[in-house]
Amino acid sequence: MDVNGSAAIISGGASGLGEATARELAGAGATVVIADLNEERGKALADELGGVFVKTDVSDDEQVQAAVDAAVATGKPLRVLVNSAGIGWAERTVNRNGEPHNPATYRKVIEVNLIGTFNLMRIGAAAISKTEPVDEDGQRGVVINTASVAALEGQTGQLAYSASKGGIVGMTVPAARDLAAIGVRVNTICPGIIDTPIYGFSANADDFKAKLVAPVVFPKRMGRAGEFAHLVRSLVENDYMNAEVVRFDGGIRFQPK
Ligand SMILES: NC(=O)c1ccc[n+]([C@@H]2O[C@H](COP(=O)([O-])OP(=O)(O)OC[C@H]3O[C@@H](n4cnc5c(N)ncnc54)[C@H](O)[C@@H]3O)[C@@H](O)[C@H]2O)c1
């Protein structure tokens, strides 16, 4: 599906993978709607790309509805939803002092990463269903979700994060089946270690990243956000890609730590 002339919502579009995706899709002719908590960066990027910024907490139904309404209000048919908003969290099931995982932090990660993805997928797809199909297959749009290889092989302390991302992987096939009725495809990307602000910028962050890269097979480096955006665009443009979970990871298989 060609995105030229369409509207595309990118949650988490103010930074990292979402920002690169917003740039890629805007470059391909889409009007981008950046739905993110970060007003300063999101607005600056939307202005640069000729798009729209909507301050959005993806875990809040009404705020996601407002972002979708803003996409519809652009006057361009809404065709693309990219879920890239997400937060990391490290906490063990039982910590070294013998204390159980805090249920509030677990719930928070599920709310943002999993419910947030569910929210944009369901509310955005409802708006897509009201557009005209673009081709003889009856296609109306595409959803791209961002999980993680941690959904498949979570490391020590990744209980909450892996559960949230595993939920996204689990939604992929049933969502694709549900949304087939309205001509919407659904694919999920599982990134490995991609260089974005999520890892911070301190000297410690550099050490941490070097450690993370060690098990990457090839090329022996972190992935680039632009490479992720290229994959998003490929999945959107290739009409036969549906209900798929794609690893994007340089061949890495996470070790326990
Ligand atoms: N970078 C990696 O190595 C990597 C690997 C696997 C998965 N991921 C996933 O990719 C996605 C993007 O990560 P990134 O590396 O670009 O991180 P990032 O921190 O650079 O960007 C995340 C963006 O999400 C926004 N955000 C956070 N909570 C939000 C909320 N409740 N509502 C709306 N926006 C919110 C932030 O403001 C930020 O702009 C995340 O879901 C992350 O879990 C990243």
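Biologist: How many residues surround the ligand, and which are the closest?
Modeller: In this predicted model, 29 residues surround the ligand. The closest are Ser-15, Asp-36, Tyr-161, Thr-196 and Tyr-199.

Biologist: What classes of residue are in that shell?
Modeller: The shell around the ligand has 15 nonpolar, 11 polar and 3 charged residues.

Biologist: And which helices each supply at least two residues of the shell?
Modeller: Those are helix 1, residues 16-27, and helix 6, residues 159-179.

Biologist: What lies 3.0 Å from a nitrogen atom of the ligand?
Modeller: That's a polar side-chain atom of Asp-57. Thr-56 takes part through its backbone: a polar backbone atom there is 3.2 Å from a nitrogen atom of the ligand. For an oxygen atom of the ligand, look at Gly-192, where a backbone N or O atom lies 3.4 Å away.

Biologist: How much of the ligand's accessible area does the protein cover?
Modeller: The protein covers 92% of it, out of the 820 Å² that the ligand has on its own.

Biologist: Which pocket is the space taken by the ligand?
Modeller: The largest pocket. About 1,300 Å³ of space lies in there.

Biologist: Which residues are closest to the centre of that largest pocket?
Modeller: Of the 49 residues lining the pocket, Ile-87, Gly-88, Tyr-161, Ile-198 and Tyr-199 are the closest to its centre. Helix 1, strand 2 (31-36), helix 4 (103-128), helix 6 and helix 7 (203-213) are the elements that give two or more residues to the lining. By class, the lining divides into 23 nonpolar, 18 polar and 8 charged residues.

Biologist: Changing topic: which residues does a cis peptide bond join?
Modeller: Phe-218 and Pro-219, with omega at about -10°. You'll find Pro-219 in the loop between helix 7 and strand 8, which is 223-224.

Biologist: And what is the phi of Ala-243?
Modeller: Ala-243 has a positive phi of about 60°, although it is not a glycine. Look for Ala-243 in the loop between helix 8 (225-237) and strand 9 (244-248).

Biologist: Why point those two out?
Modeller: Because most residues other than glycine have a negative phi, and most peptide bonds are trans.

Notes. Residues numbered from 1 in each chain as written. Predicted model: local features only at pLDDT ≥ 70, side-chain atom pairs only at ≥ 80, totals over all residues. Heavy atoms only, no water. Near = heavy atom within 4 Å. Polar contact = N/O pair within 3.5 Å; in protein donor to acceptor, adjacent residues only side chain to side chain. Areas by Shrake-Rupley, 256 points an atom, 1.4 Å probe, with all protein chains shown as cover. 1 Å grid on protein atoms, 1.4 Å probe; cavity = no way out; pocket = protein on both sides within 12 Å on 5 of 7 lines; lining within 4 Å. Sits in = over half its atoms within 2 Å of the grid points. Helix = DSSP H or I, 4+ residues; strand = E, 2+ residues; numbered from the N terminus. Nonpolar A, V, L, I, M, F, W, Y, C, P; charged D, E, K, R; others polar. Points joined across faces, edges and corners; volume = space filled by probe spheres on them.
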